[in-house]
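User: Please guide me through this model by question and answer, beginning with the ligand.

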Amino acid sequence: MGEVIVVTSGKGGVGKTTTTANLGTGLASLEKKVVLVDTDIGLRNLDVVMGLENRIVYDLIDVVEGRCRLKQALIKDKRLETLYLLPANQTRDKTAVSRQQMIDLTARLKEEFEFVLIDCPAGIEMGFKNAIAGAEQALVVTTPEVAAVRDADRIIGLLEAAEMEAPRLIINRLRPDMVRKGDMMDIEDMLEILAIDLVGVVPEDEYIVISTNRGEPAVLDRHSRAGQAYRNISRRLLGEEVPFLNWDAGGGFMARLRKLMGLG
Amino acid sequence: MSSNVCFWRDDGEKRPRLFSCRGRIYLVSVEKYIKPQRILPPGNKEESPVSSASGGETREAAGAAPIAPTEDEKGRMAGLPSGTGATSSNESPTSNRQLPTSLDRAGIPRGGKGPNHTFFVSRTVRSGQRFKYPGNIVVMGDVHPGGEIVASGHIIVMGTCRGVVHAGAEGDEKAVVIAFRLQPTQLRIAGYITRAPDDENPGGGEEPEIARVQDEAVIIEKYQPGGEKRWISGSTIQEEEEQNG
Ligand SMILES: Nc1ncnc2c1ncn2[C@@H]1O[C@H](COP(=O)(O)OP(=O)(O)OP(=O)(O)O)[C@@H](O)[C@H]1O
Ligand SMILES: [Mg+2]
């Protein structure tokens, strides 16, 4: 039985799709059998980020409405053997699928795959409720901005109410230079507000933009700092203890972080 | 006429087989064959999901019949001899269910089946928009990536075609796709599904091109004025004229 993990945030555009694509690719490159499920019906992106848009014949809605078999709708990644994508439909909207259908779907997927990663749409409405319906674990993505952290807090509350296992935090688009100047919230501030476990910090990295446009997840690029961060998070999801990247943020920042994380 | 295209067809083998190679655009088949199913005009009681359809437009239960055409399209359709319900889908699910009524209001006779009729889409088809018609479709605009055109007959795009197009969706392998610039995400004719290979840029598009099935492969070649007569057979045009009296 695989693990079903939803990647969510509340606020839009903070990096859910980027995170889903990179962690899925990261886990698959560690030889795990992974399926990515795009639940952003009507505004699908994951297929484009994965560079698989032109392979879509059937989608999630076709599966839940019985127009095709689940296997037919799964798109095999072009780079990794053990990675698959179940794309969202682009012409319908969030009401096209129900919570029960998502529960049934994820139950079937986790029989086949070790990891089922669900890319959640922004917001707290139907799309969010569907995305979390079949998930046992959640990764909450936030950026170091007050509004994003506020929304993440709201989401964590909703996840707790839904009796999800303790959600874990991913901080995305951190800029150590700005943190150093005091222009950006630092990790410690965010952890204090959100009070959940941190599973990774992904720096702002222009390579993300390049790789997103190319349809090649940054996690596969040895030179990308964000890619390195995603590789580390993938390993942490497998239960490995991986030290946090040194952001060189100065001011004993790393030491404080290590202390916070109980790493020394 | 020389085809300037390279095509792969899956053919059930593990490795795609090269079919013909003479030039710029390359398409690879995604899946060997999907069983073509009939596209029915909306309001018809039979089930009518086309192979890859997201519609299910005849099913109330699915709660997602395609929406009524915009005012613009209604006007267009009213001008057709017997426009029998092209369906487009996007936007709100509530408006979705109103297609039959809207068509009635537009005063379009319903029930006539129009495999030889043509539906005009007089705007650019954007991501998430989908047009489906049991006849030919002509798009006066572009088809963006994420947009989809499904016709049981031919598809002509008077602009750049970057989305998914499916001609001959009920299984007519004689159907063709013509576009001023043909750079589709995916191009389907009858049961053939093709896409460009991963390591190539989409190519093409400098001049109008035509895609059709020949010798069990989809080929794309330069569109030559007058040449379409060979592919879009004259007899069907005649038939339509007779039908219209
Ligand atoms: N670490 C990063 N460095 C630089 N750019 C990033 C980073 N993470 C994400 N981005 C950029 O931010 C934008 C939004 O990312 P993404 O689409 O993953 O967000 P999302 O949360 O899925 O959005 P939505 O709520 O619309 O689904 C993208 O353009 C992406 O390239
Ligand atoms: Mg997204």
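User: Which elements of chain A each supply at least two residues of the shell around ligand 1?
Analyst: This is a predicted model, in which local features need pLDDT of at least 70 and side-chain atom pairs pLDDT 80 or more, while totals for chains, interfaces and linings use all residues. Residues are numbered from 1 along each chain as written, chains are lettered from A and ligands numbered from 1 in written order, and side-chain values use heavy atoms, without hydrogens and water. The shell has 17 residues, each with a heavy atom within 4 Å of the ligand. With helices (H or I, at least four residues) and strands (E, at least two) taken as DSSP runs, the elements are α1, β7, β8 and α10.

User: Which of them gives the most to that shell?
Analyst: Among the closest residues are A:K16, A:T17 and A:T18, and α1 spans 16-29. With three residues, the element giving the most is α1(A).

User: How is the pair of rings of A:Y84 and A:F113 classed?
Analyst: Rings pair if their centres lie within 6.5 Å; planes under 30 degrees apart are stacked, over 60 edge-to-face and the rest tilted. Here the centres are 5.6 Å apart and the planes at 65 degrees, so the pair is edge-to-face.

User: Which charged residue sits over the ring of A:F113?
Analyst: A:F113 is buried, that is, under 20% relative accessible area (1.4 Å probe, protein chains only). A charge sits over a ring if NZ of Lys or CZ of Arg is within 6 Å of the centre and within 35 degrees of the normal. At 4.9 Å from the ring centre lies the charged end of A:K33.

Note on methods: Rings of Phe, Tyr and Trp (its six-membered ring) pair if their centres lie within 6.5 Å; planes under 30 degrees apart count as stacked, over 60 as edge-to-face and the rest as tilted. Buried means under 20% relative accessible area, exposed over 50%, partly exposed in between (1.4 Å probe, protein chains only).
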